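Notebook open, structure loaded. I want to jot down what I looked up, entry by entry.

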Amino acid sequence: MSAPIETTSCAALTPSAPTDDALVIGGVSLTSRLFIGTGKYGSDALIPAVCASSGSQVITVAMRRVDKGGTGVMGHVPPHMRLLPNTSGARNAAEAVRLARLARAAGCGNWIKIEVISDMRWLLPDGYETAKATEILAKEGFTVLPYINADLYVARACRDAGAAAVMPLGSPIGTNRGLRTKEMLGIIIEDSDLPVVVDAGIGRPSQACEAMEMGAAACLVNTGIASSADPVAMGRAFRQAVEAGRAAFLAGHGAVQSGHAVASSPLTGFLR
């Protein structure tokens with residue numbers, strides 16, 4: 001008679017969630033790895049609910065939308081959110097630096113997302129001007145997060161200029177096309193000793209999950225949430241996707257086999 005098969009309860013096999021997996025940027029510790037935006041909502045009144053459903057702690061806003069009275073978009077940003085003003089509209093380093101200084105003077109803090117775009121058709125960031133603005137502002141005490149093409153040399157230039165993180169695009173801004181630059185993103189993630197925040201082009205939660213599985217530190221999603229039929233529900237979906245992708249990255253991926261199939265159970269020792 002064969003020996004009884006021993007069983008173990010599922011509860012005993014359930015791994016505990018990581019307790020110390022904070023994202024640290026510029027000395028600030030964040031528990032959420034999803035950044036969100038303030039543009040393209042049908043109504044700015046949706047922003048507080050999206051902040052809550054997404055669990056995000058960082059929200060970006062274009063400086064041209066910042067109003068001193070707080071009656072516009074700023075009046076809808078919950079006080080617990082860390083502002084990441086961006087220099088959208090800047091065509092060169094000088095304009096980006098001016099906008100960053102205005103943001104700090106307006107009480108938006110020291111975090112700044114550098115966007116320098118001079119080509120209005122493709123809306124791709126100018127790496128040279130971006131690195132130049134990053135260097136100036138980092139020396140002035142800003143926590144600089146530059147938005148860049150998925151270009152290793154631009155990422156290195158921004159790192160050397162004093163960036164606190166780099167934000168390469170997944171695909172052209174506002175397109176929801178996903179990770180069209182996946183190969184280049186992987187190289188930047190492997191090479192960089194700074195947090196890599198994938199920014200622009202992520203349209204679906206599965207794409208954010210994939211970026212996180214690759215080892216990205218975080219994702220910034222605006223259009224993918226704001227242009228959806230239900231931004232509050234989509235914010236929740238992106239939150240879950242980012243968390244799942246991060247958990248998968250920490251767990252370590254299984255080996256990818258090429259050629260013939262590999263059985264998941266032994267093909268020897270069958271019961272007779």
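**Burial and surface.** I call a residue buried when its relative accessible area is under 20%, exposed when it is over 50%, and partly exposed in between, using a 1.4 Å probe and protein chains only. On that scale, 45% of the 272 residues of the chain come out as buried. I also noted the accessible surface of the chain, about 14,400 Å², with 54% of it belonging to carbon and sulfur atoms. Those areas come from the Shrake-Rupley method with a 1.4 Å probe, and for residues only the protein chains shown count as cover.

**Ground rules.** This is a predicted model, where local features need pLDDT of at least 70, side-chain atom pairs count only at pLDDT 80 or more, and totals for chains, interfaces and linings use all residues. Residues are numbered from 1 along each chain as its sequence is written, and side-chain values use heavy atoms, with hydrogens and water left out.

**Confidence.** I checked pLDDT, the predictor's confidence in each residue, from 0 to 100. The chain has a mean pLDDT of 88, and 86% of its residues reach 70 or more. Residues 1-18 have pLDDT below 50, and beyond near neighbours in sequence this stretch has 2 contacts in the model. A contact here means heavy atoms within 4.5 Å.

**Fold inventory.** I found 9 helices and 10 strands in the chain. Both are DSSP runs numbered from the N terminus: H or I of at least four residues for helices, E of at least two for strands. I also looked at contacts with a separation of 6 or more, and 62% of them in this chain join residues 24 or more positions apart.

**Threonine 134.** I went to helix α4 (residues 127-139), where threonine 134 is found. Is threonine 134 buried or exposed? Threonine 134 has a relative accessible area of 0%, so I put it down as buried. Not counting residues up to four places away in sequence, threonine 134 touches Ile114, Val144, Pro146, Cys158, Ala161, Gly162 and Ala163.

Next I counted disulfides, taking a pair of cysteine sulfur atoms within 2.5 Å as one. The count by this rule is 0. Cysteine 219 is in no disulfide, and its nearest cysteine sulfur, on cysteine 209, sits 9.2 Å away. Cysteine 219 counts as buried because its relative accessibility is 0%.

**Salt bridges.** My criterion was a side-chain nitrogen of Lys or Arg within 4 Å of a carboxyl oxygen of Asp or Glu. How many turn up in the whole structure? The search finds 13 salt bridges. I wrote up a few:

- Glutamate 95 meets arginine 91 at 2.7 Å, N to O. Glutamate 95 is partly exposed at 24%, whereas arginine 91 is exposed at 52%.
- Lysine 113 pairs with glutamate 115, with the closest N and O atoms 3.2 Å apart. Lysine 113 and glutamate 115 are both buried.
- Lysine 139 pairs with glutamate 135, with 3.5 Å between the closest N and O atoms. They sit 4 residues apart in helix α4, about one turn of the helix. Lysine 139 is exposed at 68%, while glutamate 135 is partly exposed at 36%.
- Asp21, Arg33 and Arg246 are linked in a salt-bridge network.

**Nonpolar patch.** Patches are built from residues with over 30% relative accessible area and no salt bridge, joining like charges within 9 Å and nonpolar side chains (Val, Leu, Ile, Met, Phe, Trp, Tyr) within 5 Å. I noted one nonpolar surface patch made of Met120, Leu123 and Ile173, with about 260 Å² of accessible area together. Leucine 123 is in the loop between β6 (111-114) and α4, and is partly exposed at 31%.

**Positive phi.** I looked at two residues other than glycine with positive phi. Lysine 40 has phi near 75° and lies in the loop between β3 (34-37) and α2 (47-54). Lysine 40 is exposed, at 54%. Alanine 200 has phi near 85° and is found in the loop between β9 (197-199) and α7 (205-213). At 6% relative accessible area, alanine 200 is buried.
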